[in-house]
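Trainee: Could you take me through one part of this model up close, and show me what lies around it?

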Amino acid sequence: MGTVARHLTIHGKVQGVFYRGWAVEAARRLGLAGWVRNRIDGSVEALIEGQDDAVERFIALAGQGPPAARVARIDATEVAAEGHLKFEQHPTA
């Protein structure tokens, strides 16, 4: 299995509910790299890179998120891996 990458836009009640912090913890537990940030439209955006099964597991978990989140949908697009070495929060877009 090789490294794959997905760009995610997570919609719903995902800001002000510790979603980004949760995403960092979940991604690091799964051995993923990339970033997560809030968007000005109220969604959360993420780029995740890693082994295919771990990326798919993250996307499945992201559909739930932390307890206070209410995820309406996740738009996921396959993208080229950028070679991130860790998973971190980025400034709001």
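**A close look at the inside**

Mentor: Happy to! Let's start with Thr9, which is buried, because its relative accessible area is 14% (buried means under 20%, exposed over 50% and partly exposed in between, with a 1.4 Å probe and protein chains only). This is a predicted model, where local features need pLDDT of at least 70 and side-chain atom pairs count only at pLDDT 80 or more, while totals for chains, interfaces and linings use all residues. Residues are numbered from 1 along each chain as its sequence is written, and side-chain values use heavy atoms, leaving out hydrogens and water.

Thr9 sits in strand β1, residues 3–13 (strands are DSSP runs of E, at least two residues, and helices runs of H or I, at least four, numbered from the N terminus). Leaving aside residues up to four places away in sequence, Thr9 touches Ser43, Val44, Arg73, Ile74 and Asp75 (a contact means heavy atoms within 4.5 Å).

An α-helix has 3.6 residues a turn, so residues three or four places apart point the same way.

Now follow Phe58: beyond residues up to four places away in sequence, Phe58 touches Leu8, Ala23, Ala26, Ala27, Leu30, Leu32 and Ile48.
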